[in-house]
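This report walks through one protein chain for a reader new to structures. Please keep the sequence and the model in view while reading.

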Amino acid sequence: MLTRPLLAALTLVSIAFGSTAVAQAPAGLPRDYPKEYARIIEASKKEGQLLIYSNMAAYNWKPVIDGFNKLYPWISVQTLDLGSGEVFERYYAESGSKARTADLMASGAIDRWQHFVSRGEALPYESPETRHLPKWSVPAPGLYTVSADPMVLLYNKMLVPENLRPTGMGSLAKLVASNPGRFKGKLTTYNASTEAFGLSINWAAAREQGDAFWEWLSTIGPMTRPERSAGPMIDKVTAGEYAVAYYVSGIVLFPKLDDPARQRILGWSFFDDGTPVFLRGMAIPKASTNVNAAKLMLDFILSHDGQVAFGKGGLTPYRPDVKASEVPRYTYSSVVEAIGGEDKVILVDYDPEMLEKEKAFIERWKKSFGF
């Protein structure tokens, strides 16, 4: 198979020598790309720009944009870092008023994606990279997975002695029940009653773990003070305000552990009784202005090189052909290996039943926490 570096070289040749070289551009694409793909490349030159709404920071995007622009240097990429729900709210407001809006959207709000698809807002684009992806990573026509990010347990090593460090939800529940004074008010997690991200994680865990999940939560919940996002959780565990945080986003935590000071204070683990893995969604909205540029970026993100780039940006690539040695932290495959197999993975996926039973689930969750 011809490599993307070769594609980059051929693309630059096409720029230098004009339309004759453009006609030869498909020769630099992977062999399973259709010949017609050259039309998308050529049409993107007339667009020349790409606007992305996501809940990822600039540092997450940088390696991706750098790699993308080696292939398509004529496309100026702008990303806006918004809240998971804000990605959709802004799009609906702008598209409803016919204003310029996102060309590509990426978010971790699973419930919002389900509404988005049901409203027919996702362009049903079929990527040529689809055949290389796990089936679970394409939950609906035009809706793809950016990354498969693990949730972890986090604890302050200064506050939690080695014999009291949890290894899973069941382990944490036992430790809390045996040492209520040590853990009362010293636990934190996402607020599933107000945050879509936390709701999706808890829903998936409850679906897979059944009664055991609710039994654990009845012990852990009353000791917990929920937060809105991972950043405050990590900072407050580091400062000692909390002793333990559970269901913390690994992609937020892992880069912070590059700091030696945090390494001395913080310890973490996957969940030995089931590690939630969150599927971050991506789609081209039907109101996209620069559709061809959006298709090129979506395909690059789904490619081997794009997944490696997002791995370098802090996310978790899930393509089976991405090796752990190619990224600084984890791949989906290395997470599976670390936790002992696929049966220990809880996919935080697009379960339609969550929307039907959301209100009842939230009420039960709140009751477990004493709200």
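## A buried ring and its partner

F116 is buried, with a relative accessible area of 0%. Buried here means under 20% relative accessible area, exposed means over 50%, and partly exposed is what lies in between, with a 1.4 Å probe and protein chains only. The model is a predicted one, in which local features need pLDDT of at least 70 and side-chain atom pairs count only at pLDDT 80 or more, while totals for chains, interfaces and linings use all residues. Residues are numbered from 1 along each chain as its sequence is written, and side-chain values use heavy atoms, with hydrogens and water left out.

A pair of aromatic rings is described by the distance of the centres and the angle of the planes. Rings of Phe, Tyr and Trp (its six-membered ring) pair if their centres lie within 6.5 Å; planes under 30 degrees apart count as stacked, over 60 as edge-to-face and the rest as tilted. The count by this rule is 28 aromatic pairs. One of them is the tilted pair of Y92 and F116, with 6.2 Å from centre to centre and 45 degrees between the planes. This pair links distant parts of the chain, since Y92 is in helix α5 and F116 is in helix α6, 24 residues apart. Helices (H or I, at least four residues) and strands (E, at least two) are DSSP runs, numbered from the N terminus. Y92 is partly exposed, at a relative accessible area of 23%.

## The ring cluster and charges over rings

Which residues join Y92 and F116 in a cluster of ring pairs? The cluster consists of F88, Y91, Y92, W113 and F116.

A charge sits over a ring if NZ of Lys or CZ of Arg is within 6 Å of the ring centre and within 35 degrees of the ring normal. R119 places its charged end over the ring of Y92, 4.0 Å from the centre. Elsewhere, K45 lies over the face of W74, at 4.9 Å from the ring centre.

The buried residues of α6 are I110, D111, W113, Q114 and F116. An α-helix has 3.6 residues a turn, so residues three or four places apart point the same way. The cover over the buried residues of α6 includes α5, β3 (104-107), α9, β8 (275-283), β9 (345-348) and α17.

Just after α6, G120 takes a positive phi of about 75 degrees. P139 is in the loop between α6 and β4 (144-156) and is partly exposed, with a relative accessible area of 35%. Its C-alpha atom is separated by 9.6 Å from that of Q114, which is 25 residues apart from P139 along the chain.

## The largest pocket

Rolling a probe the size of a water molecule over the atoms shows where empty space is left. On a 1 Å grid over the protein atoms alone, a pocket is an open set of points where a 1.4 Å probe fits, with protein on both sides within 12 Å along at least five of seven lines; lining residues have an atom within 4 Å of a point. Grid points are joined across faces, edges and corners, and a volume is the space filled by probe spheres set on the points.

The largest pocket holds about 760 Å³ of space. It is lined by 35 residues, of which N55, S84, F197, R228 and S229 are the closest to its centre. Elements giving two or more residues to this lining include α4 (58-71), α5 (84-96), α6 (110-118) and α9 (196-209). Of the elements, α5 gives the most, with four residues. The lining has 15 nonpolar, 11 polar and nine charged residues. Ala, Val, Leu, Ile, Met, Phe, Trp, Tyr, Cys and Pro count as nonpolar, Asp, Glu, Lys and Arg as charged, and the others, Gly among them, as polar.

## Two positive phi values

K98 lies in the loop between α5 and β3. Its phi is near 65 degrees, a positive value in a residue other than glycine. Is K98 buried or exposed? K98 is exposed, with a relative accessible area of 76%.

Y247 also has a positive phi, near 60 degrees, and is a residue other than glycine. Y247 lies in strand β6 (residues 244-249) and counts as buried, at 1% relative accessibility.

S269 lies in strand β7 (residues 266-269) and counts as buried, at 17% relative accessibility. Contact means heavy atoms within 4.5 Å. Leaving aside neighbours within four places in sequence, S269 is in contact with V152, L153, P166 and T167.
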